[in-house]
Every structure is written in C-alpha cells, then in structure tokens.
Amino acid sequence: MRILILAIPCMGVEEIGKAIAREKEYDFISDPMNLDYYGTFTRYYYHDGNSMVYKEGAIERPYIFGNSVPDNTIMTHYV
C-alpha cells in the first residue's frame, strides 16, 4: 500500500507520517518535491566504527516525480 498525505506546512504532518510509518514498518518520504532541502550541498562527519569520516555532496532525493512510488511507503506533500 502507498499512502500520500497532503497538507499545508507547519501542521505536524511530518511527525504523524513518521509515526504511522514506524508503526506499520513502512518507508517514510518527507515532501520529496522540496527542492530547498533535496539537492542542497551538505558537509558532515560520521563515525564508521573505526574512525571519523568526512562526507560532502548533495542530499539525494528519495523520489523523483514520474517514477513509481515503492510499495509500503508513506509520503507527505505540502500544497
């Protein structure tokens, strides 16, 4: 099943979507059309178990319009 939640921003829909996805063991994609977030450049460090690793690059979009949405996915979209 695929669930699309349409909402206006700042209504807590992202938290509701995450909670439903966690409960049903679905994947959650938060507003994939938000190009202010996806595609932006990021730099960060993380620990891989042995040492600190530096990573930089664009944040990948989990969904691109036109592609099919995977089964067991909950997605939000702000209108």
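Which residues make the nonpolar surface patch of about 530 Å²? In this predicted model, for which local features need pLDDT of at least 70 and side-chain atom pairs count only at pLDDT 80 or more, while totals for chains, interfaces and linings use all residues, the patch is made by Leu4, Leu6, Ile8, Met11 and Val79. Residues are numbered from 1 along each chain as its sequence is written, and side-chain values use heavy atoms, with hydrogens and water left out. Patches are made of residues with over 30% relative accessible area and no salt bridge, like charges being joined within 9 Å and nonpolar side chains (Val, Leu, Ile, Met, Phe, Trp, Tyr) within 5 Å; the accessible areas come from the Shrake-Rupley method with a 1.4 Å probe, and for residues only the protein chains shown count as cover. Leucine 6, one of the patch residues, has its place in strand 1 (residues 2–7) and is exposed, with a relative accessible area of 53%, where exposed means over 50% relative accessible area, buried under 20% and partly exposed in between (1.4 Å probe, protein chains only).

The confidence of the prediction was examined through pLDDT, the predictor's confidence in each residue, from 0 to 100. The protein averages a pLDDT of 83, and 91% of the residues score at least 70. Among the elements of the protein, helix 1 (residues 13–24) has the highest mean pLDDT (92) and strand 3 the lowest (76), helices (H or I, at least four residues) and strands (E, at least two) being DSSP runs numbered from the N terminus. Where pLDDT is low, the predicted coordinates should not be read in detail.

Strand pairing was assigned if DSSP finds at least two bridges between two strands. Strand 1 runs parallel to strand 5 (residues 73–78), to which six bridges join it, and strand 2 (residues 27–29) also pairs with strand 5 in the parallel sense, over three bridges. Within the pairing of strand 5, isoleucine 74 is the bridge partner of isoleucine 3, a residue of strand 1 that is partly exposed, with a relative accessible area of 27%. The C-alpha atoms of isoleucine 3 and isoleucine 74 are separated by 4.7 Å, although the two residues are 71 residues apart along the chain. Methionine 75 in strand 5 stands opposite isoleucine 29.

A search of the whole structure finds two salt bridges, each defined as a side-chain nitrogen of Lys or Arg within 4 Å of a carboxyl oxygen of Asp or Glu. In one of them, the side chains of aspartate 71 and arginine 2 meet at 2.8 Å, N to O; this pair links distant parts of the chain, with aspartate 71 in the loop between strand 4 (52–58) and strand 5 and arginine 2 in strand 1, 69 residues apart. Aspartate 71 counts as partly exposed, at 48% relative accessibility. Glutamate 14 forms a salt bridge with lysine 18, the closest N and O atoms being 3.5 Å apart, and both residues lie in helix 1, four residues apart, about one turn of the helix. Glutamate 14 counts as partly exposed at 25% relative accessibility, as does lysine 18, with a relative accessible area of 37%.

The side chain of glutamate 14 also makes a polar contact (3.0 Å) with the side chain of serine 30, a polar contact being a pair of N or O atoms within 3.5 Å, of which, within protein, one must be able to donate a hydrogen and the other to accept it, and residues adjacent in sequence count only if both atoms are side-chain atoms. Serine 30 lies in the loop between strand 2 and strand 3 and is buried, with a relative accessible area of 15%. Aspartate 31 has its place in the loop between strand 2 and strand 3 (41–47) and counts as buried at 9% relative accessibility, while its side chain makes a polar contact with the side chain of histidine 77 (3.1 Å).

Backbone geometry was considered last. Most residues other than glycine have a negative phi, and most peptide bonds are trans. Phi of aspartate 31, however, is near 35 degrees, a positive value, and glutamate 25, which is not a glycine, has a positive phi of about 60 degrees. Glutamate 25 is placed in the loop between helix 1 and strand 2 and is exposed, with a relative accessible area of 72%, whereas aspartate 31 is buried.
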